[in-house]
Amino acid sequence: MEREHAGVEAKYLFYEALQRMQNILTDDLMATTLANARARSAPPASTGCCAHPKRLATFSPLAKSQRQQEKRYLYETLYTCHALSREHEKAEQVVNELFNFWIADPEELPPGYVDQIESEGLARVVADYIAGMTDSFILLQYAQVKTRRAP
């Protein structure tokens with residue numbers, strides 16, 4: 001990446017390298033899955049791949065090994081790095097406060113979610129609602145809840 005993009009900030013090099021690694025894995029998954037389907041006489045699409053006795057969608061052995069290396073690297077240098085620990089703590093606080101808010105005031109949930117409480121249970125509905133949020137939407141919800149609770 002540094003040779004191809006001389007003088008570019010390290011974070012952009014990192015993102016470009018990560019994107020390329022993901023593209024390589026995606027291409028490998030598609031090619032290996034197609035080869036597996038052809039080699040194993042996959043069932044017709046109408047019966048579905050789930051009816052096949054062996055997994056068809058797989059990585060090649062080389063890509064599987066590279067994927068494991070990538071995962072280790074990302075966990076060691078990105079996901080669990082010290083610089084992000086404060087962000088993880090803040091995210092945990094936001095999720096916990098919103099979860100507790102909707103558990104205490106379920107009528108504040110959108111109507112479609114309120115309708116699911118009886119069949120799914122309040123905690124499951126609140127958890128599903130939060131899990132479906134984008135980062136920007138959850139922060140917007142958090143700001144609105146904080147504003148409503150302000151004295």
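A crossing of two helices is left-handed if the near helix is turned anticlockwise from the far one by less than a right angle, and right-handed if it is turned clockwise. Helices here are DSSP runs of H or I with at least four residues, numbered from the N terminus. What you have above is a predicted model, where local features need pLDDT of at least 70 and side-chain atom pairs count only at pLDDT 80 or more, while totals for chains, interfaces and linings use all residues. Residues are numbered from 1 along each chain as its sequence is written, and side-chain values use heavy atoms, with hydrogens and water left out.

Let's start with helix H1, which covers residues 10–39. H1 has 30 residues and runs 43 Å from its first C-alpha to its last, close to the 44 Å expected at 1.5 Å a residue; the expected span is 1.5 Å times one less than the number of residues. Its buried residues are Leu13, Leu18, Leu25, Asp28, Thr32 and Asn36, where buried means under 20% relative accessible area, exposed over 50%, and partly exposed in between, with a 1.4 Å probe and protein chains only. H2 is included in what covers them.

From Lys11 to Asn23 is twelve residues in sequence and 18 Å in space, C-alpha to C-alpha. Thr32 is also in H1, and with a relative accessible area of 14% Thr32 is buried. If you skip its neighbours within four places in sequence, Thr32 is in contact (heavy atoms within 4.5 Å) with Leu56, Thr58, Phe59 and Ser60. Ala37, another H1 residue, is partly exposed at 22%.

Now for the partner. Helix H2 takes in residues 61–79. Its 19 residues should span 27 Å at 1.5 Å a residue, and the end C-alpha atoms, 25 Å apart, agree with that. Ala63, Glu70 and Leu74 are the buried residues of H2, and they pack against H1.

So how do we talk about such a pair? Two packed helices are described by the angle between their axes and the distance between the axes. The axes are lines fitted to C-alpha atoms, for helices over the stretch in contact, and the angles run from 0 to 180 degrees between N-to-C directions. H1 and H2 pack at about 150 degrees, with axes 11 Å apart, and are therefore roughly antiparallel. As for that label, angles under 35 degrees count as roughly parallel, over 145 as roughly antiparallel, 65 to 115 as roughly perpendicular, and the rest as oblique. The H1–H2 crossing is left-handed. On the H1 side, Phe14, Leu18, Met21, Gln22, Ile24, Leu25 and Asp28 meet Ala63, Gln66, Arg67, Glu70, Tyr73, Leu74 and Leu78 of H2. By class, the residues of this contact are nine nonpolar, two polar and three charged. Here Ala, Val, Leu, Ile, Met, Phe, Trp, Tyr, Cys and Pro count as nonpolar, Asp, Glu, Lys and Arg as charged, and the others, Gly among them, as polar.

Next comes helix H3, residues 82–104. H3 has 23 residues and reaches 34 Å between its end C-alpha atoms, close to the expected 33 Å. Val94, Leu98, Phe101 and Trp102 are its buried residues, and what covers them includes H6 (122–131) and H7.

Take H6 to begin with. H3 and H6 pack at about 140 degrees with their axes 10 Å apart, which makes H3 oblique to H6. The crossing is right-handed. Val95, Leu98, Phe99, Trp102 and Ile103 of H3 meet Leu122, Ala123, Val126, Ala127, Tyr129 and Ile130 of H6. That contact has eleven nonpolar residues, no polar ones and no charged ones.

Then there's H7, residues 135–149, whose axis comes within 10 Å of the H3 axis and crosses at roughly 60 degrees. That makes H3 oblique to H7, and the crossing is left-handed. H3 brings Gln93, Val94, Val95, Glu97, Leu98, Phe101 and Trp102 to the contact, while H7 brings Ile138, Leu139, Gln141, Tyr142, Val145, Lys146, Arg148 and Arg149. The residues here divide into nine nonpolar, two polar and four charged.

Notes. Helices (H or I, at least four residues) and strands (E, at least two) are DSSP runs, numbered from the N terminus.
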